[in-house]
Amino acid sequence: MNRPVFTRFGVRPRFPAALWLLISCFTASLLFMLFQGGKLASMLFIIVTLLSIYLLSGNWSGVRRAQGVRKLTNIGQEAHLEAGQSLQIGIGVQIPGFWPIPYIMIKDQLVRLNGEETIFEGSLVPDWKRRGELLYSTPPLRRGYYRFGRTECLTEDIFGFFQHKGRLELEQPITVYPQTVTIREWAQFHQMLKGMQHHSTTTRAHRETTQINGVREYIYGDRLSRIHWNATAKTGTWKSKEFERESLPKTIILLDRTARAYGDVAEFELAVSIAASLFRYGASRDLALGLLSNGKESTFIEAKQSQNHHKMILKHLVGVEADGYRPLNQILKEHARDLPAGCFFVLISPQKGSVMMQVLTHLDHLQMNPCHIWVHGKPSLSLKPQHTEKDKQEDWIKAIRSQGYMGYEVSQLTDLPNLLGGAKRYA
């Protein structure tokens with residue numbers, strides 16, 4: 001269990017010996033006063049009686065009836081943040097009653113969906129209104145679903161003899177989305193779309209959808225229903241509505257979740273972040289993007305254009321794990337009927353070599369346009385020349401492009417915008 005703690009305190013069990021010691025002291029002082037008598041015995045008995053009353057009344061200290069609230073100070077109550085960010089958390093506590101409380105120790109619990117548990121512990125000193133607030137921050141969180149468990153409150157008397165506990169029901173779900181980067185332009189992708197669209201105009205007519213894609217200049221012969229009256233009134237010239245074309249190819253993104261293909265967790269998180277960044281780019285450009293996720297149970301989400309569709313895919317990416325074991329060729333054969341003909345197919349995978357080349361060739365035979373985004377972690381430091389590893393990477397990308405396929409190698413997420421924008425390419 002991972003236990004990052006900023007202020008540690010040990011929760012001692014309740015020892016019956018402490019209670020027996022208190023009873024023994026009270027009995028001894030009582031017998032001493034009865035058999036010895038005098039002012040000394042009476043004063044000793046009064047002092048022990050008062051201490052006993054103070055210690056025993058701690059059971060009604062009010063900690064068991066404590067009330068509290070948790071605040072997420074840096075993201076608000078929507079609890080939406082990306083991987084790598086930290087949570088700033090404040091826990092406000094109100095203790096009822098009158099028993100004097102020197103301090104309160106608080107233990108908070110953050111549980112990930114896969115069972116990982118993180119404990120945060122700290123202490124606060126309540127004010128004269130018996131209120132206090134504990135502030136702490138979490139380490140950078142991984143992608144996934146989290147929830148806050150029960151919050152425990154604990155206090156002791158000034159002698160440390162007895163402990164009194166209470167629990168706050170402050171359970172709250174937290175969703176940590178994949179880390180993304182902003183992609184300004186995918187130059188090669190749009191060049192391919194223009195080429196396919198130009199070719200399709202010579203072979204078949206373009207059918208238009210009812211989805212407005214923009215405004216264009218009026219062309220003689222346009223129907224009256226096509227005229228964009230608001231744009232015409234603002235510009236003073238005739239404008240017509242531009243509708244999306246059905247002939248534009250759809251895009252399917254395959255996220256490889258094969259367990260043995262990834263060297264570590266960071267490499268798989270990089271693949272998920274690349275997929276999330278591409279879907280974010282597609283949503284900003286109104287592209288029809290779909291997802292094929294080959295994990296322990298393969299998931300296919302058809303390509304659509306809507307914000308709800310984009311949210312559904314992101315929700316899937318939050319909870320995915322590298323738990324797949326079946327080869328990619330088998331997954332593609334199972335979903336061959338679901339894949340639209342002529343689509344642009346993006347494979348996000350750390351696999352390379354003959355196996356991946358067979359997959360690309362198979363997609364080409366299915367009349368699709370494959371693209372391999374090769375994911376690999378940063379090379380470890382060694383005594384071998386660094387150019388040797390770099391040459392191997394370039395050889396694989398060159399091998400892909402020599403066959404007429406698109407290919408990119410990504411070792412860190414921040415390089416993705418430049419790679420797709422055309423700022424960095426292999427010869």
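Tutor: Let us begin with the salt bridge, defined as a side-chain nitrogen of Lys or Arg within 4 Å of a carboxyl oxygen of Asp or Glu. The model is predicted, so local features need pLDDT of at least 70 and side-chain atom pairs count only at pLDDT 80 or more, while totals for chains, interfaces and linings use all residues. Residues are numbered from 1 along each chain as its sequence is written, and side-chain values use heavy atoms, with hydrogens and water left out.

Student: Why is the pair of arginine 142 and glutamate 116 called a salt bridge?

Tutor: The closest N and O atoms of arginine 142 and glutamate 116 are 3.3 Å apart. The cut-off is 4 Å, so the pair qualifies.

Student: Where do these two residues lie?

Tutor: Arginine 142 is in the loop between strand S6 (131-137) and strand S7 (144-148), and glutamate 116 is in the loop between S4 and strand S5 (117-124), so their pairing ties together parts that are 26 residues apart in sequence. Helices (H or I, at least four residues) and strands (E, at least two) are DSSP runs, numbered from the N terminus.

Student: What makes arginine 142 "partly exposed"?

Tutor: Buried means under 20% relative accessible area, exposed means over 50%, and partly exposed lies in between (1.4 Å probe, protein chains only). Arginine 142 has 29% relative accessibility, so the middle class applies. Glutamate 116, at 41%, is therefore partly exposed as well.

Student: What ties arginine 143 to glutamate 269?

Tutor: Their side chains meet in a salt bridge of 2.8 Å, N to O. Arginine 143 lies in the loop between S6 and S7 and glutamate 269 in helix H5, so this pair links parts 126 residues apart in sequence. Both arginine 143 and glutamate 269 are buried. Salt bridges with shared partners join Glu116, Arg142, Arg143 and Glu269 into one network.

Student: How many salt bridges does the whole structure contain?

Tutor: The search finds 12. One of them joins glutamate 321 and arginine 112 at 3.8 Å, N to O. Glutamate 321 is in the loop between helix H6 (307-319) and helix H7 (328-334) and arginine 112 in strand S4 (residues 104-112), so parts 209 residues apart in sequence are tied together.

Student: Are glutamate 321 and arginine 112 buried or partly exposed?

Tutor: Glutamate 321 has a relative accessible area of 30% and is therefore partly exposed. Arginine 112, at 4%, counts as buried.

Student: What makes a set of residues a nonpolar core?

Tutor: The set must consist of buried Ala, Val, Leu, Ile, Met, Phe, Trp, Tyr and Cys residues joined through side-chain atoms within 4.5 Å. The largest such core has 39 residues, and Leu317 is among those with the most contacts inside it. Helix H5 (residues 265-284) supplies the largest share, 10 residues. A second, separate core of 32 residues includes Leu55 and Phe162.

Student: Which stretches does UniProt annotate as "transmembrane region"?

Tutor: The unreviewed UniProt entry gives residues 17-35 and 41-61. Such positions are given in the numbering used here, feature names are shortened, and annotations may be inferred rather than shown by experiment. In the model, residues 17-35 are 100% helix and 0% strand, with end C-alpha atoms 26 Å apart. Residues 41-61 are 76% helix and 0% strand, and their end C-alpha atoms are 30 Å apart.
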